[in-house]
Every structure is written in C-alpha cells, then in structure tokens.
Amino acid sequence: MGLDLLDRTELDRLTTRRWFLRYCYAPEEIERAHRLTGRRRQEYLAGRFAAKEAVLKALGRGLFQGVAPRDILVGRAAGGAPHVELRGSAAQAAPGATVLISITHKGDAVAAVALTVPRDDNPRDDNPRDDIPCDDISRTHDKEERRAS
C-alpha cells in the first residue's frame, strides 16, 4: 500500500519545465493536461503526481529508483473512477500485480492511496455464493441461522 499527500501548488514551478512533464507523465496525461486550464489543470497534474507517488510506494520504490513515473498511466475507468495501467519499467517492477488507486482533492490538499494486489488469471470458485444477488444474501443468511439453531 502507498499513500501520498501534497498541496496542489507544489508542482507549479516544476510543471513549467518540459523535462519534468516528460519524465513524470504519460503522453496521454500530458495531452489531457493541455486541454485543461488554470486551477483544473493544476489539480489534474497534482492528482496524477500524488497517484504516481502512491503507486511507487506501493511497489516499494522511490521517485528515482528504477521506475519512471511516466510508465504509470493514471487514466479513468468507464465509470469515471481512476484506473492505473503499468507500462515499461513499472510493469517490470510489479509482474502479475494489479494496482488499485483512489485520488481525492479538498481545498489545496491532494491525496492518493494505491494498493497492489496479485492478479488472478485463474479465478477459483472458493465461494459458491458469489452469484447471489445482494438482496438475497440476508434471506440466505437468515435461513442458515435458523438451521443452525
């Protein structure tokens, strides 16, 4: 697990430097940032940077320890939630892992939490009740309790 917290203005000076953008952000992230302006651009870049730092920590790495932050793409899933794609050096640092991420903004604070979990390419059926709809779970649980008593 990794956690990062920063002020949204911490990167202002660095994001004006092209080398920093190319080192820290994937091409898709840079393209998206260029379509944003002002505070929204600042929040976007700060959120992505915090997410990358959290992912690096979850991988047991630091900013300059063998994984280029640009190899950690923080995109969006279909429903809008942040989604991590590991590429290049990041994928090599975490073979067989999936990274879950959460990013939050409040005022000038930006925080991100990342969690690495093993990717299970062969899911097992350890819990045969996974297919029970939520509203049926309480009825099933109640029946089991009555049988046990």
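Okay, some housekeeping. Residues count from 1 along each chain as its sequence is written, and side-chain values use heavy atoms, with hydrogens and water left out. Since the model is predicted, local features need pLDDT of at least 70 and side-chain atom pairs count only at pLDDT 80 or more, while totals for chains, interfaces and linings use all residues.

Let's start with the sheet. It's an open one, 3 strands in the order S1-S5-S4, with antiparallel pairing. S1 (2-7) and S4 (97-106) each have a single partner strand, so one side of each is left without a neighbour in the sheet. On average, neighbouring strands are turned by 15 degrees against each other, direction ignored. Strands here are DSSP E runs of at least two residues, helices are H or I runs of at least four, both numbered from the N terminus, and pairing takes at least two bridges by DSSP.

Now, what lies across S1, S4 and S5? That's helix H3, residues 38-58, running at about 150 degrees to S1. Axes are lines fitted to C-alpha atoms, for helices over the stretch in contact, and angles go from 0 to 180 degrees between N-to-C directions; contact means heavy atoms within 4.5 Å.

Last stop, H2, residues 27-34. Glu29, Ile30 and Ala33 are buried there (under 20% relative accessible area; exposed is over 50%, partly exposed in between, 1.4 Å probe, protein chains only). The cover over H2's buried residues includes H1 (18-24), H3 and strand S2 (72-76). Facing away from that buried side are the exposed Pro27 and His34.
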